[in-house]
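Subject: Handing over a structure, with notes

Dear colleague,

I am passing the structure below on to you, and my notes on what was found in it follow directly after. Please read them with the structure open beside you.

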Amino acid sequence: MLVKLGSSALAGLEGYLVEVEVDSLKGLPGQTIVGLPDAAVRESRDRVRFAITNSGYEFPAGYFTINLAPGNVRKEGPMYDLPIALGMLASSEQASTKLFKETIFLGELALNGEIRPISGVLPICFSAKAEGVKRAIVSWENADEAALVQGLEVIPVKTLKEAVEYLNDKLSIPPYKVDLAALFSDNQEFDLDFADVKGQQHVKRALEIAAAGSHNVLLVGPPGSGKTMLAKRLPTILPPLSLNEALEVTKLYSVTGVLSGKAALITRRPFRSPHHTTSDIGIIGGGRIPRPGEVSLAHLGVLFLDEFPEFEREVLEVLRQPLEDGKVTVSRALATITYPAEFMLVAAMNPCPCGNYLDPMKACTCPPYKVQRYWGKLSGPLLDRIDLHVEVPRLKKEELADQPLGENSKAVRERVNAARKIQEKRLIGTTCHSNARLTPRLLREFCKLNPDAEQLLKAAILHLKMSGRAYDRILKVARTIADLAASDAIEAPHVAEAIQYRSFDRKEV
Amino acid sequence: MSNDSYQIGHQGELIAEQYLTQKGFKIVSKNFHSQQGEIDLIAKDGDFLVFVEVKNYSFRSLGSPLGAIRKSKKESIIHAAQTYLYKNGIKNTNCRFDVISIYRKYNGQTVIDHIKDAFYAR
C-alpha cells in the first residue's frame, strides 16, 4: 500500500516540507531510499529495522522503496527515521494513516525504539506552520522548542510505540503547550554586575553608549586594567530581547544544535567570546552545507574578541562585511545560505605585545617595529568600522584600594532601555533595530545637527583627516549620546563626545 | 571440493530438510543452480517463499554462522533466487532468505540454529 507522510528539511533558517512516500512490492526482501539521501539518511534503514522489531511490531516483508520528495534537493540528517518507520508500519497496515495529512513527523530512532531529538526543530516548525501544517509529532525532548510556534499542535512522543499507538487511537497524548509569557518574563538576574569593577568611569560610560546604540567598541589597555572584566559585564546592561528577536536568536541556535533541552527559548542577548585561535570559517560560518558561525550566534548580542590582534589576519578581515551589512552569505557547492549577523563587536587588546605601551607607570620593553606590527593587524578599514575607541588605563593605587563604587548594572540598564525605546519609536516601519544600523538615508533623516555641532564636526573631519565612513559613524554615536540625554536634537557636546571616541584614528601609534 | 566436505554438506542438507518439514515448511526444490550461484533448499512457509542456505559444521563453530556467509556468497544466493523466480514465473510473492547452521557440541549433540530473514536482497 502506498503511504505518504510529511516531514521537513532545513535550508539555512528556512524549513521546507519533504514528503516521505513509502510503498512495497512483494518479492525479494530489501529497502531502498531514494531522493538524494546523505549517509545519515541511508543509515536510517538499519535503525528503522531494529526500532520496529524492538517496539514489538513486525518488520514488514517485501521490497520497500522510500522516496523523499522533492527529489532534487539533498536530504541530510537522521530526522526521517520516524516518518520512514511509521510509513513502513502504515504500509503494512500496522499503523493508521488517518492523521498523516497536515502532520509532520520529525525524529531520530534509537535501536530500542526510543525517539531522539533532532536539531533545527524550531525553524522547521515555523516554516511548516506557514505552509499549512497543523500538527507536529516530535521527540518529547524537542517539544519545548516546537511548542514555541503558536497555533501548531505539538504531540510529544518518547518511543515509536507511543507514536503508533497515538496514531491508532489507542493512546491519547495531549498537545504540548508552553507559556510564552512565563518563559519571557523579564528574567534579568545576572551573576555579574558593573559595580564589581573598580574605577574606569569613562570606560563604563563608553560601554553604556555602545549598549544604547549597539555600537562597536575597541578597548585598549595594559594587562589587568579590567578590559575583559568590563566586557563580560556588558550583557548585564543590554536591553532585554523582544519576543520576535528572541525567536530569531533561538532559531539560529536550534539550527546549530546547541540549544539545551531546558532553555527552549533564548531570552537573553547572546554573548559569544570565541578563542583567538578560531578559524575564519568558525567565525563566519561554513561547512559542506553552511552552518552559522560565531558572528551569527552573536546575532542581536555581543561578539567579544579578546586579544584582538592575536586573531589571524583573515579572521579579522572577514568581520568587515558582516559588520557593515548585519548578515553573512556563505556559498558552498551544495547551498548558498544567508544568516543574520547583527552583532555588537567588542574587541579588547593590549597597546603592544608587552602591554605597557602608553602606560605612564611602567616602561614598555617592545622595540618600535613590534608595536607597529601589532597595530598593523588592525587594518584601517576594520578600525574605521569600530565606533568607539576606548583606552582602559591601569588603575592607580588609590583606586585599587578603594571599595568598588559606581552604579550597578540595573541603573545603567534602565538608561540604556530608555535610549533604545526612543530609537525603536523613531525606527518604526524600518528594518533597522538601532542607531548603529541606520542606513544612509535614515542617517540623513534622523541625525540632523545643530549649526554649531555641524561646524565642530566639519572642523574635526578636516583637521583629523577622517574617512567618510568615520563621519557617518560619528553621527551615529552622537545620535546615541543625544538619545541617552533624551535630547531630540544633536548638539555640540554630543558631537564632541562622539569625536573623542575615535582616538585611534588620529593617534600616531 | 573434497569428497569429505561434500559429504558433510550433503548430510547437513538432509538434516535441514527434515527439520524444516517438521516445522511445517514445504520443500519445493533442492540444490537449485543458476550460472553464478546455488541455493541449498527452497521451501514454502505459508505465503512466503524461503531460500535456505545450510551450513553444516564438522567442528564446534565459533561465532555466528552468518559470519560464514560472505558478501560473495550472499550475492550468489541472491542471483540464484532471482533466476529461480524468473524461470518459474513467480511474481507477487513475498520471499525470505533463511540460514540454517548445524553443529555438534562436545558431547556429540547436534544443534540446529535457524535464522529467519537472515539478509536482504538490497
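Helices (H or I, at least four residues) and strands (E, at least two) are in these notes DSSP runs, numbered from the N terminus. This is a predicted model, in which local features need pLDDT of at least 70 and side-chain atom pairs count only at pLDDT 80 or more, whereas totals for chains, interfaces and linings use all residues. Residues are numbered from 1 along each chain as its sequence is written, and chains are lettered from A and ligands numbered from 1 in the order in which they are written.

To begin with chain A as a whole, its secondary structure comes to 23 helices and 18 strands, and its C-alpha atoms fill a box of roughly 85 × 45 × 45 Å, taken along the principal axes. Of the 509 residues of chain A, 46% count as buried, where a residue is buried if 20 or more other C-beta atoms lie within 10 Å of its own, exposed if 12 or fewer, and partly exposed in between, with C-beta atoms placed from the backbone. Two residues are in contact if their C-beta atoms, placed in that way from the backbone, lie within 7 Å. Among the contacts in chain A between residues at least 6 apart in sequence, 75% join residues at least 24 apart.

Chain A is divided into domain 1 (3–178) and domain 2 (194–434), with bounds that come from an automatic or database domain assignment. The C-alpha centres of these two domains of chain A lie 41 Å apart, and 16 residues of domain 1 are in contact with 17 residues of domain 2. On the domain 1 side of this contact, the elements that give two or more residues are strand E1 (3–11), helix H4 (121–130) and helix H5 (143–146) of chain A, and H4(A) gives the most, with 3 residues. By class, that side of domain 1 has 8 nonpolar, 3 polar and 5 charged residues; here Ala, Val, Leu, Ile, Met, Phe, Trp, Tyr, Cys and Pro count as nonpolar, Asp, Glu, Lys and Arg as charged, and the others, Gly among them, as polar.

Within helix H5 of chain A you will find A:Glu145, which counts as buried because it has 29 C-beta neighbours inside 10 Å. Not counting residues up to four places away in sequence, A:Glu145 touches A:Val121, A:Leu122, A:Ser254, A:Leu259 and A:Ala264.

Helix H6 (residues 160–167) of chain A is mostly covered, since 6 of its 8 residues are buried, and these are A:Leu160, A:Lys161, A:Glu162, A:Ala163, A:Val164 and A:Leu167. The buried residues of H6(A) pack against helix H2 (44–54), H3, strand E6 (108–109), strand E7 (115–116), strand E8 (135–139) and strand E9 (153–157) of chain A. Just after H6(A), A:Asp169 takes a positive phi of about 65 degrees.

Some backbone details in the loops of chain A also deserve a look. A:Leu36, in the loop between strand E3 (30–34) and helix H1 (39–42) of chain A, has a positive phi of about 50 degrees although it is not a glycine, and A:Leu36 is partly exposed, with 14 other C-beta atoms within 10 Å. A:Glu102, in the loop between H3 and strand E5 (103–106) of chain A, has a positive phi of about 60 degrees, although it is not a glycine; A:Glu102 is partly exposed, with 13 other C-beta atoms within 10 Å. A cis peptide bond, with omega about 0 degrees, joins A:Ala69 and A:Pro70, and A:Pro70 lies in the loop between strand E4 (63–69) and helix H3 (81–91) of chain A.

Further along chain A, helix H18 (residues 409–426) and helix H21 (residues 468–484) pack at an angle of about 115 degrees, with their axes 8 Å apart; axes are lines fitted to C-alpha atoms, for helices over the stretch in contact, and angles run from 0 to 180 degrees between N-to-C directions. In this contact A:Arg415, A:Ala419, A:Ile422 and A:Gln423 in H18(A) meet A:Thr480, A:Asp483 and A:Leu484 in H21(A), and the residues divide into 3 nonpolar, 2 polar and 2 charged.

Finally, the contact between the chains takes 8 residues from chain A and 13 residues from chain B, and the residues on the side of chain A divide into 3 nonpolar, 4 polar and 1 charged.

With best wishes
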